[in-house]
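Here is a short report on one protein model. Look at the structure first, then read on.

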Amino acid sequence: MLDVGIVVPVYEEVASIAPLANEIRLSCEEAGLTFEVWFIDDGSRDDSWAEILRQRDADGRFNGIQLRRNYGKSAALAAGFEHVSARVVITMDADLQDDPSEIPSLVAAVDAGQDLVSGWKKARKDPWTKTLPSRFFNLVTRIVSGIALHDFNCGLKAYRLEVVKSMKIYGEMHRYLPLLAKWEGFTRIGEQQVNHRSRQHGRSKFGFERYVRGCLDLMTVMFLTRFGARPMHFFGSMGLLAFLGGFVISLWITIDKFVYDNPVGDRPSLLLGVLLIMVGVQFMCTGFLGDLILRGRMKESHPYEIVEVVAGSD
């Protein structure tokens with residue numbers, strides 16, 4: 001089995017592909033690592049796919065997958081994870097900001113016993129408009145998830161092969177791969193400072209809206225990791241609390257009416273009690289439906305459609 005497989009999502013980075021391929025080749029060969037590279041063209045409208053084919057023709061260790069349209073980074077990583085077969089898997093961005101010279105040290109960290117090693121761009125070469133929101137986002141994610149990482153967004157990460165084969169990635173879940181790995185039972189998650197470089201070509205494909213999506217996805221991930229296999233525990237607990245609260249209020253109003261002969265119709269607490277009972281029943285019904293769907297669902301299809309897969313023969 002190969003030492004390292006490198007998965008690189010590509011979206012309109014034609015100018016960066018050749019330099020990145022050369023740096024990866026040099027870094028791995030100097031460290032004596034056997035390797036394969038999977039460039040995932042995520043619906044680029046420039047000549048990125050043509051450049052990937054040129055790299056494949058020049059060196060059979062470089063492979064490519066072309067997606068039909070721009071599905072997003074999560075789908076691109078999922079496609080790469082499906083095809084990679086090396087014992088250690090490295091993910092990195094295609095914009096040359098991730099330094100390929102970090103590959104040997106990341107591989108060594110996994111070989112030392114880690115399931116996943118996340119890069120930490122401590123000295124990040126980005127404007128404050130990106131670094132400041134990112135720090136806040138990472139702080140919230142660290143507190144909510146309980147995983148002590150400084151940089152969940154870093155694209156440079158290393159995994160044991162079993163980790164990437166077990167994770168199901170969709171939507172914008174690429175930001176929470178350490179959390180997904182922990183959910184699958186891979187708890188040896190480490191962090192390593194990595195060199196971060198200034199962007200040399202093109203422009204960032206992510207805007208401020210990614211932080212909004214990131215917060216929503218964090219709520220989704222936390223729900224799925226804690227209650228994805230038992231939705232009734234979540235909805236049922238809230239429903240039971242609401243139902244009991246409404247029942248107690250309604251019981252007190254009933255006792256107050258028949259024992260003390262106080263009027264009922266003009267009391268706001270009557271509406272509150274009935275509302276809580278209805279909300280409680282709805283929450284519990286939602287939990288039942290969730291369990292039924294969970295039991296009856298079929299195996300999920302891939303969140304992408306592949307146009308072509310090219311694998312060079314070395």
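## A nonpolar patch

Phe247, Val248, Leu251, Trp252, Ile255, Phe258, Val259 and Tyr260 make a nonpolar surface patch of about 890 Å². Nonpolar side chains are joined within 5 Å, like charges within 9 Å. Areas come from the Shrake-Rupley method with a 1.4 Å probe.

Val248 is found in helix α9 (residues 231-260). Helices are DSSP runs of H or I with at least four residues; strands are runs of E with at least two. Val248 has a relative accessible area of 55%, so Val248 is exposed. Exposed means over 50%, buried under 20%, and partly exposed in between.

## About the model

This is a predicted model: local features need pLDDT of at least 70, and side-chain atom pairs count only at pLDDT 80 or more, while totals for chains, interfaces and linings use all residues. Residues are numbered from 1 along each chain, and side-chain values use heavy atoms, without hydrogens and water.

## A covered strand

In strand β5 (residues 116-120), 5 of 5 residues are buried. Leu116, Ser118 and Trp120 point one way, Val117 and Gly119 the other. In a regular strand, side chains alternate between the two faces of the sheet.

Strands pair if DSSP finds at least two bridges between them. β5 pairs with β6 (residues 157-160) in the antiparallel sense over 3 bridges. Leu116 has Tyr159 as its bridge partner in β6. β5 also pairs with β7 (residues 189-193), in the parallel sense over 5 bridges. There, Ser118 stands opposite Glu191.

Conventions
Buried means under 20% relative accessible area, exposed over 50%, partly exposed in between (1.4 Å probe, protein chains only). Patches are made of residues with over 30% relative accessible area and no salt bridge: like charges are joined within 9 Å, nonpolar side chains (Val, Leu, Ile, Met, Phe, Trp, Tyr) within 5 Å. A salt bridge is a side-chain nitrogen of Lys or Arg within 4 Å of a carboxyl oxygen of Asp or Glu.
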